[in-house]
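Welcome to a short tour of one structure, written with the geometry-minded reader in mind. Have a look at the coordinates first, and then let us walk through them together.

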Amino acid sequence: MLVCYSVLACESLWDLPCSIMGSPLGHFTWDKYLKETCSVPAPVHCFKQSYTPPSNEFKISMKLEAQDPRNTTSTCIATVVGLTGARLRLRLDGSDNKNDFWRLVDSAEIQPIGNCEKNGGMLQPPLGFRLNASSWPMFLLKTLNGAEMAPIRIFHKEPPSPSHNFFKMGMKLEAVDRKNPHFICPATIGEVRGSEVLVTFDGWRGAFDYWCRFDSRDIFPVGWCSLTGDNLQPPGTKGKGF
């Protein structure tokens, strides 16, 4: 039997009382929603996220090194083109805005300029580099000349993974909408299968559901957006989220 919203279910989310786990964002608040759906939030220890969300001191136009999401063996130069909460919108230099992607400020996939060389690697052009590959060295010099490099101090260490998959069906969470990754939305664990969980978006009848590992950086505890200042989207209207 599903137990209705309780203090024990909250696992003292960053020591905040349950009554303020979801600050008002439009007409949606987590405390009211959890009571109405008679559901519980996934405990904080389920997630590969910092118990205290990292500060975001990055600025638009700062340069850093990032793993190319379409070719994970390549490290490229990236520019910060957007900020929200504890996340960065990044664009690989030499690519276009169709391939922008988001990373948390404590992601191991972003590093300060110089980290690749320090570890014996070489910066690579992004997949789909717009110019001739032979022009990459000159392009690299030009893009870094006079640019503002993100300082080492604003990068954060990536948190450790949970020891195993603690999620259970029906638990509530906040999750990145992978079809529209600038959005974070209320979601439910729809199924658990080994090291994977099915993330179902409340009120969307499966249109945006996806499977991911339990230690995905795209899923967050209830109350995450309230703490980071991110805008949590309300549940959809095409179906009840429970």
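The charged end of Arg87 sits over the ring of Trp102, 4.8 Å from the ring centre. The criterion here is that NZ of Lys or CZ of Arg lies within 6 Å of the ring centre and within 35 degrees of the ring normal. Arg193 is another such case, lying over the face of Trp211.

| Charged residue | Ring and distance to its centre |
|---|---|
| Arg87 | Trp102, 4.8 Å |
| Arg193 | Trp211, 3.8 Å |

Before going further, some ground rules. This is a predicted model, in which local features need pLDDT of at least 70 and side-chain atom pairs count only at pLDDT 80 or more, while totals for chains, interfaces and linings use all residues. Residues are numbered from 1 along each chain as its sequence is written, and side-chain values use heavy atoms, with hydrogens and water left out.

Trp102 also turns up in the largest pocket, being one of the residues closest to the centre of that pocket, together with Phe101, Arg103, Glu109 and Asp218. The volume of the largest pocket is about 500 Å³. On a 1 Å grid over the protein atoms alone, a pocket is an open set of points where a 1.4 Å probe fits, with protein on both sides within 12 Å along at least five of seven lines. Grid points are joined across faces, edges and corners, and the volume is the space filled by probe spheres set on the points. Lining residues have an atom within 4 Å of a point, and there are 22 of them here. They divide into seven nonpolar, five polar and 10 charged. Strand 4 (residues 101–104) gives the largest share of the lining, four residues. Strands (E, at least two residues) and helices (H or I, at least four) are DSSP runs, numbered from the N terminus.

For two strands to pair, DSSP must find at least two bridges between them. Strand 1 and strand 2 (residues 71–84) pair in the antiparallel sense over six bridges, and a hairpin joins the two through two residues. Ala66 has Cys76 in strand 2 as its bridge partner, and Glu65 has Ile77 there. Glu65 also stands opposite Gln111 in strand 5, and two bridges join strand 1 to strand 5, again antiparallel. Five of the six residues of strand 1 are buried, so the strand is largely enclosed by the rest of the structure. Buried means under 20% relative accessible area, exposed over 50%, and partly exposed in between, with a 1.4 Å probe and protein chains only.

Asp100, in the loop between strand 3 (87–92) and strand 4, is buried too, with a relative accessible area of 16%.

Now to the aromatic rings. Rings of Phe, Tyr and Trp (its six-membered ring) pair if their centres lie within 6.5 Å; planes under 30 degrees apart are stacked, over 60 edge-to-face and the rest tilted. By this rule there are 11 aromatic pairs. Phe58 and Phe155 have ring centres 5.1 Å apart and planes at 85°, so they are edge-to-face. This pair links distant parts of the chain, 97 residues apart, and both residues are buried. Phe129 and Trp136 have centres 5.3 Å apart and planes at 90°, so this pair is edge-to-face. Phe129 and Trp136 are buried. Elsewhere, Phe28, Trp30 and Tyr33 form one aromatic cluster.

Finally, the backbone. Most residues other than glycine have a negative phi. Cys38, in the loop between helix 2 and strand 1, has a positive phi near 50° and is partly exposed, at 21% relative accessible area. Arg205 also has a positive phi, of about 50°. Arg205 lies in the loop between strand 8 (196–201) and strand 9 (210–213) and is exposed, with a relative accessible area of 72%.

How values were computed:
Ala, Val, Leu, Ile, Met, Phe, Trp, Tyr, Cys and Pro count as nonpolar, Asp, Glu, Lys and Arg as charged, and the others, Gly among them, as polar.
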